[in-house]
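Good morning, and thank you for coming. Please look at the sequence and the structure on the screen while I speak.

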Amino acid sequence: MRFTYPALVHNDSDGLWLEFPDLIGCQTYGETMDDLLVNAAEALECYIVEELEHSGKVPIPSDIHAIHTSGKDFTTLVQVDADLAKYSKSVKKTLTIPYWLNEKATAVGVNFSQVLQEALLAKLA
């Protein structure tokens with residue numbers, strides 16, 4: 001599942017560091033801009049997975065234009081495609097769907113578990 005959040009990049013005497021205004025305590029640093037953005041994606045993914053595992057939802061991202069900057073600070077967007085399945089223990093669920101729907105979905109190779117996970121995440125957002 002894809003997540004995109006605005007980030008505030010700081011370039012001060014200590015170097016480059018980044019924070020996510022919508023994600024309390026989620027920040028990182030890097031020696032170069034490339035390092036910073038790689039670290040930011042990793043921090044974002046970890047934060048998202050942790051929030052989903054504990055509360056089942058994540059904060060709604062702010063509009064990037066609503067974030068105020070000063071000095072050499074600037075905003076950017078950080079996006080991750082979090083593979084949530086690799087971070088959490090799976091739980092087996094039994095469900096019932098109409099026969100015709102099962103036949104159609106199976107014929108085109110639908111991954112039922114993935115569809116259910118994506119639908120639940122969308123419903124909980």
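I begin with L16, a residue that lies in strand 2; helices (H or I, at least four residues) and strands (E, at least two) are DSSP runs numbered from the N terminus. This is a predicted model, in which local features need pLDDT of at least 70 and side-chain atom pairs count only at pLDDT 80 or more, while totals for chains, interfaces and linings use all residues. Residues are numbered from 1 along each chain as its sequence is written, and side-chain values use heavy atoms, with hydrogens and water left out.

Is L16 buried or exposed? L16 has a relative accessible area of 14%, so it is buried. Here buried means under 20% relative accessible area, exposed over 50%, and partly exposed in between, with a 1.4 Å probe and protein chains only. Leaving aside residues up to four places away in sequence, L16 touches V9, H10, N11, Y29, G30, E31, T32, M33 and L36; contact means heavy atoms within 4.5 Å. One of these residues, Y29, is 13 residues from L16 along the chain, and their C-alpha atoms are separated by 5.7 Å.

T28 lies in strand 3. This residue counts as buried because its relative accessibility is 16%. Again without residues up to four places away in sequence, T28 touches W17, L18, L36, N39, A40 and A43.

Let us turn to the core. A nonpolar core is a set of buried Ala, Val, Leu, Ile, Met, Phe, Trp, Tyr and Cys residues joined through side-chain atoms within 4.5 Å. The largest one has 20 residues, and F3, Y5, L18, F20, L23, L44 and V78 touch the most other members. Strand 1 (2–12), strand 2 (15–19), helix 1 (33–54) and strand 4 (74–81) each supply at least two residues of this core. Which element gives the most to this core? Helix 1 does, with seven residues. In soluble globular proteins, nonpolar side chains tend to be buried together. F3 touches L44, I48, L52, V58, V78, Q79, V80 and A82, not counting residues up to four places away in sequence.

The buried residues in helix 1 are L36, A40, A43, L44, E45, Y47, I48, V49 and L52. Their cover includes strand 1, strand 2, strand 3 (27–30), strand 4 and helix 3. After helix 1 comes G56, with a positive phi near 80°.

Helix 3 (residues 112–124) has 13 residues and reaches 18 Å from its first C-alpha to its last, close to the 18 Å expected. At its start, a side-chain oxygen of N111 comes to within 3.1 Å of the backbone nitrogen of S113.

Finally, the whole protein. It has three helices and four strands, which run β-β-β-α-β-α-α from the N terminus on. Its C-alpha atoms fill a box of roughly 65 × 25 × 25 Å along the principal axes. Buried residues make up 26% of the 125 residues.

Technical notes: Expected span 1.5 Å × (residues − 1). Polar contact = N/O pair within 3.5 Å; in protein donor to acceptor, adjacent residues only side chain to side chain.
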